Amino acid sequence: MREMTPLDEWKRRAKYFSAGGRDLAYWTSGDEDETKPFLLLIHGYPTSSWDWNFIWDALTPQFRPVAMDMLGFGLSEKPKDVYYAIDAQADLLEAFLEYLGVGEAHVLAHDYGDTVAQEILARHNEKSLSFLLRSLTLLNGGLFPEQHRALFIQKLGISPLGFLLGKLMTRQRFEKSFSAVFGEKTKPGAAELDIHWALMTENSGLAVMHKLLSYIPQRKANRARWVGALQEAAIPVRLIDGGADPVSGSHMFNHYRESVPDADALLLSEIGHYPQTEAPDLVLNAFLEFHRRLRTIPA
């Protein structure tokens, strides 16, 4: 069984800062060893930075990991009166690193976080980013809008009836839809699902679930910018993809390899949409191997 950080401990370790008039939760390793590079971890939808708890401790010997629950997620503020724009989430992450005094960082992103990372990469490419982006590692996510196979709840959320999503969502319905994107042998247990559910419902989170799904049409509207960022990247980029994911699995992996020049991509064929929680050791090994090759960390 995978070891996971209990929710009460995760909450106890949370810190808070304000940006754009909003209160946001974040986590750091507390390590001040300047020889270790910073690693920004960007979570996905509909979950939170807790997704990284399975690999967090294993990253700390080599990196200084930092993570923030984006606006509308986890322990952060979840306003009902805002449009959840991807570029605004990127702005908040830039403010987060500035608040920590981070001048350069590597990024590891997943799902919704991939899209935010693509915007960050686009800013890096055009030299408008406020910190130096050293490398980018992507896990499963809708990198290409035409390859994203939306679930029923996602289609409902972006429809005119989207407001019903939060009203109809229950712990049982969440388990059914969430577990469906995992690998057959790596589905989340009850305790893991309970923590995700608790963090989703924190701060009346169900009321904004449909608003957060605006990233789906945003991906289509900004395809040229965000896909172009990957195709024009001047920094090392690696994709680690769970192939059994029905949303962005092997079909997206194959499209990535065809569409991105000199693509560095690794397929975990039996793993689903959440590689970092389903197969943390495989993800960690693939991530560290990438950085040993880059000489970010010792061989």
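## Strand E7 and its partners

In this predicted model, strand E6 (residues 132-138) pairs with E7 in the parallel sense over 3 bridges, and within E7 it is Arg238 that stands opposite Thr137. E7 also pairs with strand E8 (residues 264-268), again in the parallel sense, over 5 bridges, with Leu267 of E8 as the bridge partner of Asp241. Between E7 and E8 the chain crosses through helix H12 (residues 250-259), and this β-α-β crossover is right-handed.

## Burial of E7

Strand E7 (residues 237-242) is largely enclosed by the rest of the structure, because 6 of its 6 residues are buried. The burial applies to both faces, with Val237, Leu239 and Asp241 covered on one side and Arg238, Ile240 and Gly242 covered on the other.

## Packing of H3 against H4

Helix H3 (residues 86-100) packs with helix H4 (residues 112-125) at an angle of about 75°, their axes lying 9 Å apart, which means that H3 is roughly perpendicular to H4. On the H3 side the contact is made by Ile86, Asp87, Gln89, Ala90, Asp91, Leu93 and Glu94, and on the H4 side by Tyr112, Thr115, Val116, Glu119, Ile120 and Arg123. By class, the residues of this contact comprise 6 nonpolar, 2 polar and 5 charged.

How values were computed: Residues numbered from 1 in each chain as written. Predicted model: local features only at pLDDT ≥ 70, side-chain atom pairs only at ≥ 80, totals over all residues. Heavy atoms only, no water. Axes fitted to C-alpha atoms, helices over the stretch in contact; angles between N-to-C directions. Helix = DSSP H or I, 4+ residues; strand = E, 2+ residues; numbered from the N terminus. Parallel < 35°, antiparallel > 145°, perpendicular 65-115°, else oblique. Contact = heavy atoms within 4.5 Å. Nonpolar A, V, L, I, M, F, W, Y, C, P; charged D, E, K, R; others polar. Buried < 20%, exposed > 50% of the residue type's maximum accessible area, 1.4 Å probe, protein only. Pairing = 2+ DSSP bridges. Right-handed = clockwise from strand over helix to strand, strands pointing away.
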